[in-house]
Amino acid sequence: MDTRTATPEGIATVPDAIGAEDVATVPAGACAPTAEDGASSLEGFALEAWRSYLQSHATIVRLLDAELISEHGITTRDYEVLLYLAQSPDRRLPMSALAESTMLTRSGITRLVDGLVHGGFVERVSCPKDARVSYAQLTDDGFDKLRDAGCTHVGSIRRLFLEHFDADETGQLATLLGRLPGAQRGGSCTVE
């Protein structure tokens, strides 16, 4: 049975599932066992890097969103969907593939596509061979919207992200971030 106890030093001992004799020490308030060098895995540079990544990502996405909404009436998520469709054969994708590409749930992608359909940028197309499959297809207006918004989007990416690094640092950053789960190589962020 898993039990937790506190010691006078503020260290909690958590018996391993294998047996009470195998114990991992976890500093009070920590979420992981202490590393071999005695430091928590989320202190110092590790914690600073993680927080900087999270905070800058949230800030950049919020600013990208605000600029696209202000200048083109679409969000970064809308832009992402339009781009995936523009880069697909026949400018269409099954809704399930679109959900997977955007990492949205099926209901999330349905709501997003509904908004794009309402705006005239996407249309739904049924599969003639399988009634269970539906496609999102980019309209000509959607392609034009994507092309127009692309200049704003790329300019914002340059200003908010790329201008903070020289060419060598950008190459190093691409290599380092490419190691993260979900990182995808290749592709383009515009249609031209």
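Visitor: Which residue forms a salt bridge with Asp114?
Guide: A salt bridge here means a side-chain nitrogen of Lys or Arg within 4 Å of a carboxyl oxygen of Asp or Glu. For Asp114, the closest N and O atoms of the pair are 2.5 Å apart. The partner is Arg124.

Visitor: Before we go on, what sort of model is this, and how are things counted?
Guide: Residues are numbered from 1 along each chain as its sequence is written, and side-chain values use heavy atoms, with hydrogens and water left out. Local features need pLDDT of at least 70, side-chain atom pairs count only at pLDDT 80 or more, and totals for chains, interfaces and linings use all residues, because this is a predicted model.

Visitor: What pLDDT does the protein average?
Guide: pLDDT is the predictor's confidence in each residue, from 0 to 100. In this protein, 76% of the residues score at least 70, and the average is 82.

Visitor: Which residue meets Glu67 in a salt bridge?
Guide: Glu67 sits in helix H1 (residues 44-72), and its partner is in helix H5 (residues 140-160), 92 residues apart. The N to O distance is 2.3 Å. The partner is Arg159.

Visitor: Is Glu67 buried or exposed?
Guide: Buried means under 20% relative accessible area, exposed over 50%, and partly exposed in between (1.4 Å probe, protein chains only). Arg159, at 38%, is partly exposed. Glu67 has a relative accessibility of 19%, so it counts as buried.

Visitor: What separates Asp144 and Arg147 in helix H5?
Guide: These two form a salt bridge as well, with the closest N and O atoms 3.1 Å apart. Asp144 is partly exposed at 31%, and Arg147 is partly exposed at 34%. Because they are 3 residues apart in H5, what separates them is about one helical turn.

Visitor: Which residues of helix H3 are buried, and where do they lie on the helix?
Guide: In helix H3 (residues 95-102), the buried residues are Met95, Leu98, Ala99 and Thr102. Seen down the axis, they fall within an arc of 100° (taken from the directions from the helix axis to the C-beta atoms), so they line one face of the helix.

Visitor: And which elements do those buried residues of H3 pack against?
Guide: There are both helices and strands among these partners. They are helix H2 (76-86), strand S4 (92-94), H4, S5 and strand S6 (134-138).

Notes
Helix = DSSP H or I, 4+ residues; strand = E, 2+ residues; numbered from the N terminus. Contact = heavy atoms within 4.5 Å.
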